[in-house]
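Student: Can we go through this model together? I am new to it and would like to start with the ligand.
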Amino acid sequence: MTFPQGFAWGAATASYQIEGAASEDGKGLSIWDVFSHEQGKIDGGDTGDVASDHYHRWREDVALMAGIGLKAYRFSISWPRLLPEGRGAVERRGLGFYDRLVDGLLAAGIEPWVTLYHWDLPHALHLQGGWLNPAISDWFAEYTAVVVDALSDRVSHWMALNEPHVFVDHGYLSGGHAPGLRLDLAAGLQAGHNSLLAHGKAVQTIRARAKKPPTIGVAQVGAVRAPASEAPEDVAAAREAMFAINPSTHFNHAWFGDPMVLGEYPEDLLQHFRRDWPSIRPGDMETICQPLDFYGLNVYFAEAAVGAGHRVEPGTGPQGRGDRPGYTMMGWPVWPESIYWGLRFLWERYELPLVITENGLANTDWPHLDGRVHDPQRIDYLARYLLQVKRALDEGVDVRGYFVWSLLDNFEWARGFRPRFGLVYVDYEDQQRRLKDSAHWYRQVIETNGRALLPGGQSLR
Ligand code: FCB
């Protein structure tokens, strides 16, 4: 047995990270255009002004995707490219770009998966408070309507928000991402509530206006908690920790996942942060909790959980684990089992079909003397994580797809261009693209529907 028929083998990107063309064809400024130009915010002073120049090279990029054999491509729409002021007048040239991209993907046999918001808020709306302004959920619904009216005759897969608690936490609390604010938790919880409402209203808008029956989800993140060993005490501790909120870790799946899927904030969030509680109007929770077709999970980071009374032998590696191969260039642990545990715990809690909307490795890839980009670590990383996705599938978890982060090397937010995540190498001097070894490997994995994951001809059950 291989992966399920129709499994969405994909790769993902986001508008600000790849498009460039920051002020072309009438595009308005986004908060990332402004933030990346502020001194000292981005490693190496990098900006997304040109990025991977995808706005001009999208045809070549679609051809590369077709060469890899992708079944699905997850990309995001730049809100200020469509609505330069965030609201009101629509910039037809911006819309035309996504229109052609969608046609190009479909002609190549690749299913477009659209994310409506991957962090590039129109600067004009930021000046009116951005995610802190309660009106933003209506602004977002208006923008959603523009996209859905234009693309839903051909697009059927939708995600409203990418990682809301990252853009709230990094953008409004720690300040490391745009718009770079350092506010108190009350403001963060209010921005979070507003973004949850935006999610709910966007889902309603898609369902009401889509011309093709839509498949709607969300792309969430949050540290996966994996058991330090497979002892039942550790598994129970990990399950609890994955959704628990305590004064130092509000950053987890429950903060956003519970309101969206279960219709209520987690009890312990209220208990610990009552003082900072956002204003919630009657009907808000109903608006937030819309039926979803899948729950998307971005997996990069995991922490260990150890059950009470269970002892993990000291000296067996970080957090007690001896078999951890290493850390990525982002400083994140390589921990393949975490994707299995994340999928399993989310499946148990939310009972929704799951999609890995992002997973991948940052490295320091470069063209070798033979002209090729050899990236064995990425191949090994992806194979290990995918085998753990398969393990979840074998145990009955409903996983519908897997998206490598990322298709192309790109602008990695505050870390600039140094960490390279792509299956495709981008030379930022001349924008030349080259398939890395991992892209060739991924093509075989897709062609064999996963059978090629195991080296040496072993077969997947
Ligand atoms: C995720 C983001 C994505 C990318 C990866 C590495 O948090 O959604 O844009 O930067 O991390």
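Student: How far is an oxygen atom of the ligand from an N or O atom in the side chain of Glu412?
Tutor: The distance is 2.7 Å. A polar contact here is a pair of N or O atoms within 3.5 Å; within protein, one must be able to donate a hydrogen and the other to accept it, and residues adjacent in sequence count only if both atoms are side-chain atoms.

Student: How much of the ligand does the protein bury?
Tutor: Alone, the ligand exposes 300 Å², and the protein buries 95% of that. Areas come from the Shrake-Rupley method with a 1.4 Å probe; for residues, only the protein chains shown count as cover.

Student: Before we go on, where do these values come from?
Tutor: This is a predicted model: local features need pLDDT of at least 70, side-chain atom pairs count only at pLDDT 80 or more, and totals for chains, interfaces and linings use all residues. Residues are numbered from 1 along each chain as its sequence is written, and side-chain values use heavy atoms, with hydrogens and water left out.

Student: Which residues surround the ligand?
Tutor: Among them are Gln17, Trp119, Asn298, Tyr300 and Phe421; a residue counts if one of its heavy atoms lies within 4 Å. His118 also has a polar side-chain atom 2.8 Å from a ligand oxygen, and for Glu163 the figure is 2.6 Å.

Student: New topic: what is the relative accessibility of Arg433?
Tutor: Arg433 counts as buried because its relative accessibility is 9%. Buried means under 20% relative accessible area, exposed over 50%, partly exposed in between (1.4 Å probe, protein chains only).

Student: Which side chains does the side chain of Arg433 make polar contacts with?
Tutor: One is Asp61, at 2.8 Å, and another is Gln431, at 3.1 Å. Arg433 lies in strand S14, residues 433-435. Helices (H or I, at least four residues) and strands (E, at least two) are DSSP runs, numbered from the N terminus.

Student: And Pro367, where does that lie?
Tutor: Pro367 is in the loop between strand S11 (354-359) and helix H15 (376-394). At 26% relative accessibility, Pro367 counts as partly exposed. Beyond four places in sequence, Pro367 touches Arg372, Val373, Tyr425 and Arg434, where contact means heavy atoms within 4.5 Å.

Student: Last one: how many residues of H7 are buried?
Tutor: In H7, 12 of the 16 residues are buried, including Trp139, Phe140 and Leu151. Helix H5 (92-107) and strand S4 (157-162) are among the elements that cover the buried residues.
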